[in-house]
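Please look over the sequence and the 3D structure shown here before reading the notes that follow them. The notes are grouped by topic, so that each can be read beside the picture.

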Amino acid sequence: MSETIGFLLNDTARMFRRTFNARTRDSGITALQSRVLTYLSRYPGIRQGPLAELIEVEPITLSRMIDRLEESGLVERRADPTDRRAWQLHLTPLAEPLLDNLRQTARAVVAEATEGMSDAEREELTRLVERIRTNLSRRECQKEQKETA
């Protein structure tokens with residue numbers, strides 16, 4: 001039986017997460033927490049609402065995750081100077097070396113997953129998956145625009 005592209009991508013993503021989580025178990029950081037830290041490194045000062053949208057989790061789920069990361073000394077909430085009800089999220093200096101290790105782990109998982117592929121095949125795979133993501137993202141944005149119109 002031939003699998004659909006959606007099934008294959010979903011199953012592969014699940015396997016990536018499982019492998020990554022197994023390799024980072026000792027750090028106490030999960031794949032989702034790693035994504036949060038990565039987004040915070042890209043968007044320092046982002047608020048929880050927009051971050052929850054980026055990683056596609058409910059705000060309360062993200063809030064609990066931020067609580068745990070804050071307790072671990074990896075993230076800090078700072079008052080938003082433009083809105084006293086809101087908090088901006090920032091990485092602490094403790095997060096940087098951990099984030100470097102997480103990136104190395106992610107690269108190792110990708111290298112294992114793409115073992116036996118040429119550089120050209122890896123680049124083509126990346127290009128094709130990015131196109132799929134763009135297509136779906138574009139359609140999602142169009143759907144949202146129609147719903148709000």
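The briefing below goes from the overall fold to helix packing, salt bridges and the surface.

This is a predicted model, in which local features need pLDDT of at least 70 and side-chain atom pairs count only at pLDDT 80 or more, while totals for chains, interfaces and linings use all residues. Residues are numbered from 1 along each chain as its sequence is written, and side-chain values use heavy atoms, with hydrogens and water left out.

**Overall fold**

- The protein has six helices and two strands, where helices (H or I, at least four residues) and strands (E, at least two) are DSSP runs numbered from the N terminus.
- Along the sequence these elements follow the pattern α-α-α-α-β-β-α-α, and the C-alpha atoms fill a box of roughly 55 × 50 × 25 Å, taken along the principal axes.
- Of the 149 residues, 27% are buried, a word that means under 20% relative accessible area, whereas exposed means over 50% and partly exposed lies in between (1.4 Å probe, protein chains only).

**Helix packing**

- Two packed helices are described by the angle between their axes and the distance between the axes; here axes are lines fitted to C-alpha atoms, for helices over the stretch in contact, and angles run from 0 to 180 degrees between N-to-C directions.
- The axes of helix α3 (residues 48–55) and helix α4 (residues 59–71) come within 9 Å and cross at roughly 105°, and α3 and α4 are therefore roughly perpendicular to each other.
- Angles of 65 to 115 degrees count as roughly perpendicular, while those under 35 are roughly parallel, those over 145 roughly antiparallel and the rest oblique.
- In this pair, Gln48, Leu51, Ala52 and Ile55 of α3 meet Pro59, Leu62, Ser63 and Ile66 of α4, where contact means heavy atoms within 4.5 Å.
- Helix α2 (residues 31–42) also packs with α4, their axes coming within 11 Å and crossing at roughly 80°, which makes α2 roughly perpendicular to α4.
- Residues of α2 in this contact include Leu32 and Val36, and those of α4 include Leu62 and Ile66.

**The loop between α3 and α4**

- Glu56 is in the loop between α3 and α4, and at 72% relative accessibility Glu56 counts as exposed.
- Most residues other than glycine have a negative phi.
- Glu56, however, has a positive phi of about 60° although it is not a glycine.

**Salt bridges**

- The structure holds 11 salt bridges, each being a side-chain nitrogen of Lys or Arg within 4 Å of a carboxyl oxygen of Asp or Glu.
- One of them joins the side chains of Arg47 and Asp83 (3.9 Å, N to O); Arg47 lies in the loop between α2 and α3 and Asp83 in strand β2 (residues 83–91), so the pair ties together parts that are 36 residues apart in sequence.
- Arg47 is partly exposed at 31%, whereas Asp83 counts as buried at 16% relative accessibility.
- Arg47 and Asp83 also belong, with Asp80 and Arg85, to a network of salt bridges.
- Within helix α6, Glu124 and Arg127 lie three residues apart, about one turn of the helix, and form a salt bridge whose closest N and O atoms are 2.7 Å apart.

**Surface**

- Ile5, Leu9, Leu125 and Val129 make a nonpolar surface patch of about 310 Å², and α1 (5–24) and α6 (119–148) each supply at least two of the patch residues.
- Such patches are made of residues with over 30% relative accessible area and no salt bridge, with nonpolar side chains (Val, Leu, Ile, Met, Phe, Trp, Tyr) joined within 5 Å and like charges within 9 Å.
- Leu125, in helix α6, counts as partly exposed at 38% relative accessibility.

Definitions and conventions: Accessible areas come from the Shrake-Rupley method with a 1.4 Å probe; for residues, only the protein chains shown count as cover.
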